[in-house]
Amino acid sequence: MGGAATGCGGRATTHHKPGTSHEQASGNVGTLLTTGDSAGHKLREVPSQGAPEVQLALRPDSEDGWNLQLSVKNFRFTPDSTGGAALPGAGHAHLELDGRKIARLYGPWFHLPAAQVPDGAHTLTVRLYADDHTAWAVSGKPVEGTAQLTAPAPGSSGGHSHGEAPSQPPTPGQAQAEADRTVTITVRDGKVSPAPARTELRRGERIALRVTSDRADTLHVHGYDKELALPAGQEATLILTADRTGLFEVETHESRLVLTQLLVR
C-alpha cells in the first residue's frame, strides 16, 4: 500500500473529480445499470467470465478486535486513481457491519477494533467498487463477500487469544496515556476547529486523534489505510503509530474535510 502515500498530496486521487458525482465519473467498462446497491451506488454490470471476485476471512487479533483479509480475484486495489474512470478489475472496497458502512478499504488487510463492534452476532460484508464509485456487479448483483462475527460480551474471554475482554473506546485520559501526542478536533457545521494545520511527529511516535463531528462520518488517514467511524455528536479516538515517514492527510470521507496533516520525519 505504498502507493497510497503518494496519493496524499493530490485531492483528485482520493475522491471523485471536482464537479462530478460518484456516478458521473467517466468509464465505459461493462454496463451501467439503473439499479444500485444498498448504499445507493449504481451497479456496473460485467460478464461473469473474468469478473472481479472477493472472499472475506477474519481472525481475532492478539491485542484487540479482528484482522480481516480480502482475497480477490481478477481485481486490484488502486488507491491512487480513486475518483477517476472505471477501469477493468480495479478499484477499492467498502466494509459493512450489518448493512452499515464502517470503512473504505484500499488493500487486502484491515484491522477492525473491538470498540466498533457491539456485543452479539453480526454479518460483515465487503463489496468491490470501481474507481468511479460504481459497484461491480454480475447478473444484477453486487460483487461481495460475507463473514460472520460474534463479539463477546464485556468480561467474557471469547474472541481474544489472551482472554481479555474486547477494549472499549479509550477515554481522553486513556488515549493520552497510550499516545505520545494527542490532537483534539471538532467538526461542526462543515467547519474544522482548530483550523487544519500540520502535526509533526517523529517516526515511531504514537498519536491519538480525538474527533467529534456533528454528523455521522468516517475519518481516514491517507497512506496508513486507517479509518474510524465518527458517530454524530460523539467523540471517537484513533490511536496511530507513525511508522512511515512523509506527509499524510487526515480527512473525513462524507464531508471531504481535511482535519490535519501528519508530517512524520
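**View 1. Thr125 sits in strand E9.** Strand E9 covers residues 120-129; helices (H or I, at least four residues) and strands (E, at least two) are DSSP runs, numbered from the N terminus. The model is predicted: local features need pLDDT of at least 70, side-chain atom pairs count only at pLDDT 80 or more, and totals for chains, interfaces and linings use all residues. Residues are numbered from 1 along each chain as its sequence is written, and side-chain values use heavy atoms, with hydrogens and water left out. Thr125 counts as buried because its relative accessible area is 10%. Buried means under 20% relative accessible area, exposed over 50%, and partly exposed in between (1.4 Å probe, protein chains only). Leaving aside residues up to four places away in sequence, Thr125 touches His94, Leu95, Glu96, Glu144, Gly145 and Thr146. Contact here means heavy atoms within 4.5 Å.

**View 2. Arg127 pairs with Asp37 and with Glu96.** Side chains of opposite charge can pair when their charged atoms come close. A salt bridge is a side-chain nitrogen of Lys or Arg within 4 Å of a carboxyl oxygen of Asp or Glu. Between Asp37 and Arg127, the closest N and O atoms are 3.6 Å apart. This pair links distant parts of the chain, 90 residues apart: Asp37 lies in the loop between strand E1 (31-36) and strand E2 (42-45), Arg127 in strand E9. Between Arg127 and Glu96, the closest N and O atoms are 2.9 Å apart. Glu96 belongs to strand E6 (residues 90-97), 31 residues from Arg127. Asp37 and Arg127 are buried. So is Glu96. Asp37, Glu96, Arg127 and Glu144 are linked in a network of salt bridges.

**View 3. Arg265 forms a salt bridge with Glu200.** Their closest N and O atoms are 3.7 Å apart. Arg265 is in the segment after strand E21 (258-264), and Glu200 is in strand E15 (residues 198-201), 65 residues apart. Arg265 counts as exposed because its relative accessibility is 59%. Glu200, at 45%, counts as partly exposed. The salt bridge count comes to eight.

**View 4. Asp61 is buried yet has no salt bridge.** Asp61 is found in the loop between strand E3 (53-60) and strand E4 (66-73). The nearest side chain of opposite charge, Arg59, is 7.5 Å away. Lys and Arg count as positive and Asp and Glu as negative; His and the chain ends are not counted. The Asp61 side chain does reach the backbone nitrogen of Asp64, at 3.1 Å.

Note on methods
Polar contact = N/O pair within 3.5 Å; in protein donor to acceptor, adjacent residues only side chain to side chain.
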